[in-house]
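Try each task before you read its solution.

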Amino acid sequence: MNLVIVESPAKAKTINKYLGDNYTVLASYGHIRDLPSKNGSVNPEDKFKMIWEVDSFSKKYLKEITDAAKDSEKIILATDPDREGEAIAWHVKEYLDEKKILKDKKIERVVFNEITKKAVTNGIDNPRNIESNLVEAYMARRALDYLVGFNISPILWTKLPGSKSAGRVQSVALRLLTEREHEIELFKPDEFWTLNVNFKTSKGDILNSNIVLLNNLKVDKFYFKNKEDINNAIEEIKKLKYKISEISSKVYTRNPLGPFTTSTLQQTASSKLGFGASRTMQIAQRLYQGIDIEGDTVGLITYMRTDGTNISNDAVIDFRSFIKKSYGNNYLPKEPNNYSGKKAKNAQEAHEAIRPTDISRTPEQMKKFLSTDQIKLYDLIWSRALSSQMEAAKFDRKTITIVSDNNVNQFKCSGSTIKFDGFLKLTRIDNEEDEKILPDVNKESVSTENFIDEQHFTQPPPRYSEASLVKKLEELGIGRPSTYASIISVISNRGYADIVNKRFFPTDRGKLLSAFLEKLFSKYVDYGFTAGLEEQLDDITAGKEEWIKVLDNFWKDFNINVLNVKEKRTREVLDLLNESLGELVFETDEGGKINRKCKLCNSGELSLKNSFRGGAFIGCSNYPECKFTRPLSKSKANDQIALAEPKLIGQNENGKDIYLKNGRFGPYLQY
């Protein structure tokens with residue numbers, strides 16, 4: 001009997017059907033061991049020796065695996081084909097070794113990029129050893145996360161009550177959110193206007209045009225600053241006569257996007273389907289592990305944690321055959337489209353891009369076997385993968401140029417029509433130009449028909465959504481495909497940011513934590529430093545770097561930083577944050593100078609305070625005589641200024657003072 005060990009029961013069930021009676025397939029249910037949350041789990045003094053502990057959840061499944069292993073001739077470790085999967089395989093092997101079960105038994109490591117009969121049997125026929133580089137990269141990452149979390153978090157509990165933890169990558173992601181929030185809070189909108197002119201041809205056709213030149217000056221975004229500028233421009237334009245000077249037509253192409261990687265799948269599922277990163281990965285996991293289709297369990301997509309942008313040659317052949325048969329030769333490029341230009345940053349996760357395991361299983365056919373969410377995601381993956389091998393779309397772009405008789409004013413109107421839909425037959429892409437068909441015109445005189453002006457104000461940068469946060473982290477080289485979903489859930493679950501209308505709003509707790517880390521652990525929330533550390537982890541994977549050396553270099557400086565911060569008194573820390581947060585939490589006077597004077601007693605100074613129950617807030621130095629408090633956020637504070645307790649607002653008919661107070665259930669009046 002041969003024992004096959006995978007992570008999940010769904011995957012075990014599917015693989016069991018493919019391998020037959022001579023194999024027993026059991027699930028480890030994810031990681032079987034982890035570093036216990038106590039001091040000494042990683043020992044920097046002893047080459048970063050780690051103490052692993054089996055959690056209570058895993059014990060019963062390990063007993064099942066141990067019992068089966070005793071009676072097996074061969075043990076096959078078939079966990080996922082990435083760093084985490086390699087780590088689980090290593091943990092299982094180490095555990096069985098400690099139990100002295102591996103003596104006289106053959107042990108093999110196999111991987112499947114997709115759960116299909118062909119891929120599974122091919123994997124079983126081509127075993128390999130556990131890759132030590134992948135395991136060492138996992139251990140380095142795990143040790144780094146432990147050392148950061150276990151050393152900074154206790155400092156937070158004493159210096160910033162209410163803050164739950166600080167993570168190595170999570171804290172950098174939080175910094176992105178708070179920096180964006182600061183930009184929004186400090187943003188001052190600028191007014192600008194736009195002017196479009198409708199010209200009329202001799203046939204009565206209307207040409208809606210944009211101004212390019214006015215009095216020989218280029219018209220940019222801020223050319224018209226107010227209504228007066230618009231009125232002056234209209235008067236200038238009306239003085240002259242106009243003609244069509246040029247009619248140009250140009251064909252341009254738009255190529256299809258490549259098949260999905262983990263991060264592009266998360267971004268697109270967020271923007272098009274409204275799925276969060278965690279939800280996307282859970283659904284994708286199920287599609288990968290296997291769906292019951294008429295009594296047969298089938299993996300519908302390839303492995304969903306990948307940075308790879310290309311697909312296998314076999315899949316390309318199948319795709320091209322399907323395109324030719326379903327859409328015709330016109331939709332098939334002469335040569336397969338190649339997307340290998342984007343080099344993956346971490347080679348161990350650079351498998352194929354995400355694609356259907358069998359392109360002939362169309363979304364329409366699969367609809368009856370899948371849940372609503374599953375079919376939405378499968379359709380997205382299927383369409384994106386197939387369209388990536390289709391012909392480019394061709395557009396006919398027509399531009400009409402209108403000029404004044406003296407050539408000092410110039411206007412343009414453009415329109416595009418689809419000449420050949422190509423890959424758009426299957427999938428629409430974001431920001432696709434609306435089809436705007438322009439009338440057939442000749443070079444002739446035209447007259448001004450009417451003017452369309454509109455007032456605008458510049459907008460602050462948008463808050464991050466899950467999709468844009470994942471994109472930004474990927475651009476910076478921070479985190480990896482398998483970690484994005486957990487980073488986002490930690491930020492939200494620990495109260496560091498609220499998600500409102502799918503956008504991240506950092507909470508006061510999140511802003512304070514971010515300011516604390518930036519002030520006192522600046523190196524470790526630096527984007528460049530964090531990305532550099534990720535590259536070092538990738539170098540361990542590639543065998544270019546020793547994991548102990550990477551940890552040693554990190555620990556030397558980090559430990560000194562931790563010891564220095566521990567020595568600071570809480571008040572000293574809060575004073576540093578008063579200075580750091582500055583105009584973000586305190587009012588400024590007309591000269592832009594920070595004004596921390598208390599608005600209630602007019603003599604005390606406002607500063608950061610902290611409480612174990614409620615966390616950080618702004619309070620008066622004259623406490624307890626002055627009980628003025630407000631939230632960190634200036635916008636929330638402005639809402640509350642009227643409720644500063646107690647506020648005299650007048651007298652009743654008997655001449656008694658009426659006060660506005662703020663209680664447990666909100667504002668109330670009292671005399």
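**Exercise 1: cavities**

How many cavities of 30 Å³ or more does the count come to?

*Solution.* Start with the ground rules. This is a predicted model, where local features need pLDDT of at least 70 and side-chain atom pairs count only at pLDDT 80 or more, while totals for chains, interfaces and linings use all residues. Residues are numbered from 1 along each chain as its sequence is written, and side-chain values use heavy atoms, with hydrogens and water left out.

Next, the term: a cavity is a set of points on a 1 Å grid over the protein atoms alone where a 1.4 Å probe fits but cannot get out, and its lining residues have an atom within 4 Å of a point. Points are joined across faces, edges and corners, and the volume is the space filled by probe spheres set on them. With that, you get three cavities of 30 Å³ or more.

Now take the largest cavity, which holds about 60 Å³ of space. Its lining is made of Val148, Ile152, Ala166, Gly167, Arg168, Ser171, Leu517, Phe521, Tyr524 and Val525.

**Exercise 2: salt bridges**

Which parts of the chain does the Glu98 and Arg33 pair tie together?

*Solution.* A salt bridge here is a side-chain nitrogen of Lys or Arg within 4 Å of a carboxyl oxygen of Asp or Glu. The structure has 33 of them, and in one, Glu98 and Arg33 meet at 3.3 Å, N to O. Glu98 sits in helix α3 (residues 83-98) and Arg33 in strand β3 (residues 33-34), so their bridge ties together parts 65 residues apart in sequence. Helices (H or I, at least four residues) and strands (E, at least two) are DSSP runs, numbered from the N terminus.

Then check accessibility (buried is under 20% relative accessible area, exposed over 50%, partly exposed in between, with a 1.4 Å probe and protein chains only). Glu98 is exposed at 52%, but Arg33 is buried at 5%.

Move on to Arg141 and Glu534, whose closest N and O atoms are 2.8 Å apart in a salt bridge. Arg141 and Glu534 are both buried.

Salt bridges link Glu86, Arg109, Arg128 and Glu131 into one.

**Exercise 3: strands**

In what order do the four strands of the open sheet run?

*Solution.* Two strands pair if DSSP finds at least two bridges between them. The order is β2-β1-β7-β8, with parallel pairing. At the edges are β2 (23-27) and β8 (106-109), each pairing on one side only.

Zoom in on β7 (residues 74-77), which pairs with β8 in the parallel sense over four bridges. There, Lys74 has Lys106 in β8 as its bridge partner.

For an antiparallel case, go to β9 (residues 191-200) and β17 (residues 445-457), paired over ten bridges. Phe192 stands opposite His456 in β17. Strand β12 (residues 242-254) also runs antiparallel to β17, joined by two bridges, and Lys243 stands opposite Ser445 in β17.

Methods: 1 Å grid on protein atoms, 1.4 Å probe; cavity = no way out; pocket = protein on both sides within 12 Å on 5 of 7 lines; lining within 4 Å.
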